[in-house]
Amino acid sequence: MSFKTVIVITAAFVLAIAASAAAGPPSDLTPMEQLGKKLFFDKISDPDWMSCATCHDPDVGWTGPIAGINMKGAVYRGAVPVRFGNRKPPSAAYATLSPIFHYDDVESLFIGGNFWDGRATGERLGNPAADQALGPFLNPVEQNNASKQAVLEQVEDSKYAKLWEQVWGEPISYEDAAEIEMNYDRIGLAIAAYEASSEVNPFSSKYDYYLEGMVELTEQEEWGLELFNGKAMCSACHPSEPGLGGEPPLFTDFSYDNLGVPKNPDNPFYEMDEVFLDDGSPINPMGSAWIDPGLGGFLQTRPEWSDLAAENMGKHKVPTLRNVDKRPGGGFGKAYAHNGFFKSLKDIVHFYNTRDVEIWPDPEEPSNVNIDELGDLGLTDAEENAIVAFMKTLSDGYRLPQVKTIASDQQSPTSYNLAQNYPNPFNPWTDIQYDIPQDAHVTLKVYNVLGAEVATLVDTYQTANSYLVRWDAGDLASGMYFCTIDAGDFRKTTKMLLMK
Ligand code: HEC
Ligand code: HEC
């Protein structure tokens, strides 16, 4: 069948995508968000080489971008390169949505804040992430600037000093202590505005589109979701359902728990008894005897909560699972949990499943270990893999297959067809055209050579017409793929060759 004119009508399906605000493409940043972005990516440190993004890279889900570090100690060096902190960088995305740190009387537990131990409470600037952003610039094991004024001076000398003026209505200044405080706080507020923007929190994962009804999960992903909410009880702490007002799920309830994660023996902090701060004191006087106190350690510093410190030792904040699998390439290594003990999602799921029935190293902090919700889940290997497959659907930047209707001089096609994709071989996208002569439920799926489904391009009821689907193979490996259409009684498969 040949078409004289090819009119592209955007299908209702595609319109639905555009109308959906929650899962839409990132919008332009406001001046305040742009300022925050500049501050986030600028190297404001002493020595002058480190930015927030050095430890929170968007391509790695806003966490540490050096695979070699992730595979070992998982802690990033400071601007003074011999100095190391004690924890793995968590994702900086979705952190602005954490409530202000507080004790919940109903549940009798602590909720909210930023950092693994909650100490960026949000009490100062009204948002934990804004409070958090004030810390790293001055932290001697992170950006190591000498003072707030030293940070302000670098912003004053930056290319975005004019943007600052536009946002705050006046040039940056640090004449007296009050101006220094005010303008330093403004840095935190601008960074938090960027971190709250749709560029950092786009809610554009495959799972988000699935919740909006725009894409199907594969069978394995669907099974993983079922286990995540059911047998494996993951959603007890990492909620997967939209909120009461339809807010997309954050995969954290912002509470704290001690899972019994073992020490990471490669944590460089254990050697920080021999590295010193400017005042001559060691960074970690306890050396290899140090145990991460987590939430309990923070509570000890606050008189109103210090009597609850003991029962919260070793507890760490439930991290969001959004972007846990986001990485620049298939083999790129990431670390998981507060000390980066786990090196793959399979590793950590296996820990949840078997902590109490297989041999694992002792917990870093033996008190307060949660023995109710994990440790012996009775999952099979295939079930563990399904949960991992589900977590892989939580990476932002998922590209929806695009379906277009091709109208042909008002005539419907007279027979079913699935045409050879074009271009072929392709990289990374190709167009697939098919015809249906009568209304039908259509599925168009892509399988790899092992027969595993890798994409569902169409799974919906369609009216008689010709359609064009653009498939973006994204991160998939080079090789042969099979495209199969099912419509009515019609089934056809074509071969497609991805060459990278
Ligand atoms: C040297 C690496 C490093 C640098 C530089 C750094 N961070 Fe972090 N970030 C970390 C680590 C490690 C943690 C966890 C620390 C802890 O829990 O004690 C963290 C925690 C966070 C969190 C908390 C997330 C949550 O859910 O609790 C946010 C947000 C964040 N950083 C943003 C920033 C911003 C903004 C900057 C720049 C001003 C920055 N980071 C600079 C390593 C770094
Ligand atoms: C009782 C609450 C709870 C349950 C149930 C739970 N988690 Fe967690 N999860 C946490 C806490 C707390 C952490 C951080 C622990 C730490 O760092 O010591 C965490 C960390 C993680 C991380 C690491 C994320 C990162 O950025 O480092 C992954 C992945 C994860 N959980 C997946 C799961 C899966 C899958 C399940 C179900 C099998 C599950 N969780 C069940 C509380 C829970």
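This is a predicted model: local features need pLDDT of at least 70, side-chain atom pairs count only at pLDDT 80 or more; totals for chains, interfaces and linings use all residues.
## Domains

The domain assignment divides the protein into domain 1 (31-195), domain 2 (206-252 + 321-394) and domain 3 (401-498). Between the C-alpha centres of domain 1 and domain 3 the distance is 46 Å.

## Shell around ligand 1

Around ligand 1 there are 27 residues, of which C52, C55, F115, W116 and P136 come nearest. At least two residues of this shell are supplied by each of α3 (52-55), α5 (128-133) and α6 (135-138). By type, the shell holds 16 nonpolar, seven polar and four charged residues.

## Helices α11 and α14

Helix α11 (residues 219-229) and helix α14 (residues 381-391) have axes that come within 7 Å and cross at roughly 100°. Angles of 65 to 115 degrees count as roughly perpendicular, so α11 is roughly perpendicular to α14.

On the α11 side, the contact is made by Q220, E221, W223, G224, L225, L227 and F228. The α14 side contributes E383, A386, I387, A389 and F390. The residues of this contact are eight nonpolar, two polar and two charged.

## Helices α13 and α14

Helix α14 also meets helix α13 (residues 345-354), and the two axes come within 9 Å and cross at roughly 130°. The two helices are therefore oblique to each other. The crossing of α13 past α14 is right-handed.

In α13, the residues L345, K346, V349, H350 and N353 meet E384, I387, V388 and M391 of α14. This contact is made up of five nonpolar, two polar and two charged residues.

Terms used: Residues are numbered from 1 along each chain as its sequence is written. Chains are lettered from A and ligands numbered from 1 in the order in which they are written. A residue is near a molecule or strand if its C-beta atom, placed from the backbone, lies within 6 Å of it. Helices (H or I, at least four residues) and strands (E, at least two) are DSSP runs, numbered from the N terminus. Ala, Val, Leu, Ile, Met, Phe, Trp, Tyr, Cys and Pro count as nonpolar, Asp, Glu, Lys and Arg as charged, and the others, Gly among them, as polar. Axes are lines fitted to C-alpha atoms, for helices over the stretch in contact, and angles run from 0 to 180 degrees between N-to-C directions. Angles under 35 degrees count as roughly parallel, over 145 as roughly antiparallel, 65 to 115 as roughly perpendicular and the rest as oblique. Two residues are in contact if their C-beta atoms, placed from the backbone, lie within 7 Å. Domain bounds come from an automatic or database domain assignment. A crossing is left-handed if the near helix is turned anticlockwise from the far one by less than a right angle, and right-handed if clockwise.
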